[in-house]
Amino acid sequence: MFNRLKNRVLTVVGPDLPALPSTVGLGSGSSHHGHSRDSDHGGKGNLPEKFRYARPQFLQLLTYDELKASADHNVRPIIVPRDISLLPWNTGYAECVNSGKSEWNEDQAAFHRQVLSHPSKQYHDLPYTYFGIYDGHAGYGAALAASNQFHHILHEKLVDIIDLLMPRMEGDESTTTGAGVGLNAILPHPILFHKQVSKDELIVGALEAAFADMDAMLAEDRDKYRNAGGCTALVALFILGKLFVANAGDSRGILCKRVHRKTLPNVRPPPVHEETMNGDAATEEDEDDHIVYAEPCSFDHTPETERPRLLSIGKLNPNLMGGEYVAMEYAKKPMTKDLGTRILYRQGTMKGWTYKTLTRNDLKMPIVTGDGKRSRLLGTIGVTRGFGDHDLKALGSGLPIKPFLSCHPDVVCIDLSKIETDPSEDNVDGDYGVLVMATDGLWDVTYSQKVSNTVFTTLKKFPTERHRYTMAAQELVAKSRGRANINGHWRLSDSRAAATVDDISVIVIPVYQYYLEYLEWKRSLQKPKVPEVATEATPAEEDTPVPDLSHLNSSSSSDSDPLEDAREQPPPTNNDITSSANN
C-alpha cells in the first residue's frame, strides 16, 4: 500500500516524468505466476534499464501520454495497429492491459522480416519472417529485452547454417536446369557427417540454440541492467515454405482450420477440463458442410504438465530442495495423523502409483502443489519454462528456483507444401490455416476450439476487408477481456463468469499469404540459364583476327552466372518501421 501511494505522489510531483517502473513498488506481481516483484530482482532497482519501456514498435505509441492511455486499468482499451501495412500479409494484432495487477502491460510482441546472405555470395539469399510474443511476469524487463534482442540472436544462428540450407549458385544442376532446388532434401554432402542431418533439424537446432543464448544473455545482464523478472516465449518462424513454432511457457499457438468434412483429418480431442467447462466439441460444423477445428502448435509448460521433469530434478539433486521440500506426488495430502500408514505415491518419471509407509519426511511440502492453473513450483511460480527468473527465490524457504526452470522450447514443424487443397473452392485460409499466437491472458478464459470458431466467424463477416485479421484479433481480445460491471469487476459478455484480469496479446497470421510469397521466391531460383548460341567458323573466318572485347562490361562474358541477375532483391526489413494504435 505504501509503495503504491509513493508512486502516485511522485507521479503528481513530476507529471512530465514517467512513473516509476513497475519493477519498483507494486509488490503484487503477476497473479497467475504467483510471485512478487520484490522477490527476484534482489534490490537491484538502482541499476539502469537496458531498454526503455515501450509497446511493440508497429503500434507506434511514441509518447508517454500514449503509453499511459494504453495502460488505463479502468477502461482497458483494445489497442490495434492503425496502419496494418506495416505488418506482413495483413497480419492482425490486438492487445489490452490487465485490470490493475501491474502498472504496465508486461506482454511484448515483435516481428522481423530478414534475408540470410552468405558473406561469400556463393549461396542464394534466403528470406524468412519471424514473429514473437512474450508474456512477462514480476516485471516487464525480461519480455522487453527478448522482444528487442531475440531476433538478432536467431539471425546469427540461421546465418551459421545458410551454406547447409541453400545450394551453391555455381555447379548446382538443380538450379541450372530449372528442375528445382531440392529445398526439402537431405544435405547435399552427407558424407561430411557421421549421421544424416535434415534441414528441418538444422532450423530446429537454430531455434533451440537461440532460446538458450537469450536466457544466457539475461543472466549476464542481471548485474548490469534492471531486467526484472522473467517471461514466456512463443516464436513462429516462416522459412523454406515451412512453419516452425517454438514455445517455452504457457503462451499458446494454434492453427485454426476450416476444411470439408470429406478431408477432415483425425482431430485430437480437447482435454477433459476444456470439454466439460467450456462445452465445446473437438470440431464444429458450419452450414456449408465444412468443419472448423484447432490444430495445436504448442503445449503449455506449467508445474502440472511438467510434474515428471520437476520431480526427476528434485530426486536426482536433493540439495536443490534444501531439506524443505519432497520430490514426490501423493494420491491424497499426507497428514500427521496418517504417520505409519500406507499411502499411494509416485516420484520422478513414474506414470503409475505404488504404496509406501508414510514418514515424517513425507509431511514436507511437495515440489509441485495445486492443480491446473493453480499449480505452483515450490509454492511460488506457475510457469516452468521461459527466459529470465535468474534471481527468483521460493516464498518462505528462499531457495533458488532457476535450477528447476528451463529455457528449452518445444518446436513444431508444419510443411506447407504438403497441404492438399481443392482448386474449386476459395478456402485457402481454411486449408492452410490461420495461426493464432496469444499469451495466457486469452487462454485463461477460453479454449482452442472456441478461438477457431471466433476467427472464422469474423473472417466470414468480412470476406474482402483488408483489416479482417485485425478484426479477428480484436474480437478475441474483446471476448476474453469482457466488460466491467457496476462494481468494477470484469465479467465475460456471454456469461457471468469472471473475465481475465491479465494482459492479453493476440497475433493472427494468414499462413497462405506467406506460402504465396515463398512460391514466388522459389520460382525466382528456377529460372533456367539462357543457352549460348554456338556457330561454326567458316574457313574464311578462321583467319579473321578476333577483336578484343575486354573493354566491354564484364556482365556479358561467358563466366557470369545468370542466376545472380535473376535473384530477387531482398524484401525491405521492418526494423525501423513502427505503426500507430487506434484508441
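**Entry 1: the sheet**

Two strands count as paired if DSSP finds at least two bridges between them. With that cut-off in hand, I looked up a sheet in this predicted model. I found an open sheet of 3 strands, in the order 10-11-12, with antiparallel pairing.

I then went through the pairings. Strand 10 and strand 11 (residues 342-346) run antiparallel and are joined by 2 bridges, which meets the cut-off of at least two. On the strand 11 side, I noted Y345 as the bridge partner of Y330 and R346 as the bridge partner of E329. Strand 11 also pairs with strand 12, again in the antiparallel sense, over 4 bridges. One bridge I looked up there has I343 with K356 of strand 12 as its partner.

**Entry 2: helix 3 and helix 6**

Next I turned to helix packing. Two packed helices are described by the angle between their axes and the distance between the axes. For helix 3 (residues 141-160) and helix 6 (residues 199-221), I have axes that come within 9 Å and cross at roughly 135°. Angles over 145 degrees would count as roughly antiparallel, and 65 to 115 as roughly perpendicular; helix 3 and helix 6 are therefore oblique to each other. I recorded the crossing of helix 3 and helix 6 as right-handed.

Which residues make the contact? From helix 3 I listed A142, A145, A146, Q149, F150, I153, L154, K157 and L158. From helix 6 the list is A206, L207, A209, A210, F211, D213, M214, M217, L218 and D221. By class, I get 15 nonpolar, 1 polar and 3 charged residues for the contact of helix 3 with helix 6.

**Entry 3: helix 11 and helix 12**

Helix 11 (residues 448-461) packs on helix 12 (residues 468-481) at an angle of about 135°, and the axes are 9 Å apart. Helix 11 and helix 12 are therefore oblique to each other, and their crossing is right-handed. On the helix 11 side I have V451, T454, V455, T458 and L459, which meet R468, Y469, M471, A472, E475, L476 and K479 of helix 12. The contact of helix 11 with helix 12 divides into 7 nonpolar, 2 polar and 3 charged residues.

**Entry 4: confidence**

Last, I checked pLDDT. The protein chain averages 79, and 74% of the residues score at least 70. Residues 1-31 have pLDDT below 50, and I noted 49 contacts in the model for this stretch beyond near neighbours in sequence. Residues 534-583 also stay under 50, with 65 contacts beyond four places in sequence. Where pLDDT is low, the predicted coordinates should not be read in detail.

Note on methods
Residues are numbered from 1 along each chain as its sequence is written. This is a predicted model: local features need pLDDT of at least 70, side-chain atom pairs count only at pLDDT 80 or more; totals for chains, interfaces and linings use all residues. Side-chain values use heavy atoms; hydrogens and water are left out. Axes are lines fitted to C-alpha atoms, for helices over the stretch in contact, and angles run from 0 to 180 degrees between N-to-C directions. Angles under 35 degrees count as roughly parallel, over 145 as roughly antiparallel, 65 to 115 as roughly perpendicular and the rest as oblique. A crossing is left-handed if the near helix is turned anticlockwise from the far one by less than a right angle, and right-handed if clockwise. Contact means heavy atoms within 4.5 Å. Ala, Val, Leu, Ile, Met, Phe, Trp, Tyr, Cys and Pro count as nonpolar, Asp, Glu, Lys and Arg as charged, and the others, Gly among them, as polar. pLDDT is the predictor's confidence in each residue, from 0 to 100.
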